[in-house]
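Subject: Handover of a structure

Dear colleague,

Please find the sequence and structure below, handed over for your work. My notes on what was found follow them.

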Amino acid sequence: QAQLLAPLVLAPDLQRFAANWFRMAMLERSHSYIPLLRNGQPINPFLNLTAKRKPTLLRRIGLAGALVTLFPWRVGLTIVNVVVVLTLSKLATLGLKDADLDPLVGPPLTAWRRILVAPLATLGRIQLFLLGFWRIRVKGECAPRSEAPIIVSNHVSGLVEGMYLVKYGKLAERSFVSNPVFGPIMKATSSIFVDRLDPNSRDVAKRALLRRSTHDGFLQTMVFPEGTCTNGTAVVQFKVGAFTPGVPVQPVAFRYPSSSYDASFTFPLSPGGYLLGLFMQPANMMEVEYLPVYRPSEEEQKNPALFALNVQQAIAAALGVPTTKHAAEDVALCIAAKKMQMPLEAGMVIWQALSEHLTGLRVKEAMVVLEHFRSLDKEGKGLIDFSTFASAIRHNTFRSRSVDFQTAEDEVTAHQASDVLTGEELRSIFDLLDTGGDGFIDFQEYLCGVAVLNGRGDEEKAASLKWMFDSLACGQTFFSKEQLATLLNRAMPGLGSEVLERFCFEADIDGDGQISREEFIQFATKHREDLGLTAERLLCGVPVSMQP
């Protein structure tokens, strides 16, 4: 009896072994066409390090003392200082027309306007003093405009670095134009405004930078190429705008050494809460290091991305922190994830690494995919297990068909329809998306999979078909003619039996009665449009559209 029962006892173990083997095979195969971006680094450069830390008793006493002593006169003197700054800025731009402020045709500031702008540097330092920066350690010195027309630095506070370098023109977001405080100051220093969502605006900014870099009459231009604030634990991906002119730049490294208070304007701080935090600190610390002027090589002049990368690494080396491929787009996705009631980190996809692997990926499209991901992630955890995934896909399929089950038999019939993914197919799709192999799909994995399925570049188009074959073949190396006929009916319902037979015959190039992966790719490439062999039709119920 024991010998007879042994196979039954071992059966569950064999089933688990087979399931794990299939899972690992799918995982290995998915890596061939879906970017594997995990690097094991726990760095989150956009999270404030002390915002949620519970203050010690000693720190509470210090904050209470600052509230009744330092805070009132700091705020009062700040109001006076801001009024003086705004008055000078308004006078410096008095009489200027829109054409005078145009970055492409506007002239440099005249001598008398520069005289009015000159005190801003001193007033900026006074304001930093009022925010608790009693002493700022400075290493090196700022190079003259003739040596470095552009200054670039890491971006931690935004407000503090902007005050310290207030006398220089800035490359800034267009939203600052309407800001009642920063707008007049930036106009007075001939700043260049750019709309991130407008490609034409970015082109204008690049041309304006080139013009300012080669015209001696303009002030030096300050650029924060990270495009967003970080907590200083890493230097994130640099945008190439400041490096497109191919002129020498001076890197500047800002460091905030305090361990009790993180002066970075990062999540979850609001503008008001951040400013209040600075006012309440008895003392804040900042170090500024002017690095040697970086003169690009001939290769870097031809390749702004290489130029940006090398300067990014120089600043990171001076700060003693790593570089990462996080980017400003990660911040936009994190904000969107939070609004969708998911964890902030759900939107962290390491954007630059992603866009290097995927052709033409845009933030607007990633936002659409994030919404689809949230529709699958019913509980808003930022992670989807197989059960949740399968349930959501089936629900999407039946909802799109407006199915109203009258009886249990109706539901069984619906599940058996050709346009409904089987449990095996759903498991295969899930395992291919789960490139981390941990049994969960996060947004980065889902975005990678959807981007590949949409097949923008030549590599992605081929990868899309491989992906669909592997997910629908469920571990097999071929489709039977019956399986292909089912898929064709799923993509193009109503095809007659004779038409299906003709297509199956065409797909079976070697005539062995089976359609291999290569044969399917050739057939699908030829008939992608007329038969609708797209991911949206073949993987019905899986939200793979990227159209806003």
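Predicted model: local features only at pLDDT ≥ 70, side-chain atom pairs only at ≥ 80, totals over all residues.

Which residue in S4 does Ala 172 stand opposite? The residue facing Ala 172 is Phe 193 in S4.

Strand pairing

Strand S3 (residues 169-173) and strand S4 (residues 192-194) run parallel and are joined by three bridges.

Cavities

The structure contains two cavities of 30 Å³ or more. In the largest cavity there is about 40 Å³ of space. Its lining is formed by Leu 358, Thr 359, Leu 361, Ala 451, Arg 456, Glu 460 and Met 546. By class, four of the lining residues are nonpolar, one is polar and two are charged.

Backbone geometry

Two places in the backbone deserve a mention. Most residues other than glycine have a negative phi, and most peptide bonds are trans. The peptide bond from Phe 267 to Pro 268, however, is cis, with omega near 5°. Pro 268 sits in the loop between S6 and helix H10 (271-280). Gln 341, a residue other than glycine, has a positive phi, near 65°. Gln 341 belongs to the loop that lies between helix H13 (328-339) and helix H14 (351-357).

Confidence

For the protein chain, the mean pLDDT is 84, and 87% of the residues reach 70 or more. Confidence is highest in strand S6 (residues 249-255), with a mean of 97, and lowest in helix H17 (residues 408-415), with a mean of 41. The pLDDT is below 50 over residues 402-418, a stretch that has 15 contacts in the model beyond near neighbours in sequence. Over residues 1-10 the pLDDT also stays under 50. For residues 1-10 the model has zero contacts beyond four places in sequence.

Yours sincerely

Note on methods:
Residues numbered from 1 in each chain as written. Heavy atoms only, no water. pLDDT = per-residue confidence, 0-100. Helix = DSSP H or I, 4+ residues; strand = E, 2+ residues; numbered from the N terminus. Contact = heavy atoms within 4.5 Å. 1 Å grid on protein atoms, 1.4 Å probe; cavity = no way out; pocket = protein on both sides within 12 Å on 5 of 7 lines; lining within 4 Å. Points joined across faces, edges and corners; volume = space filled by probe spheres on them. Nonpolar A, V, L, I, M, F, W, Y, C, P; charged D, E, K, R; others polar. Pairing = 2+ DSSP bridges.
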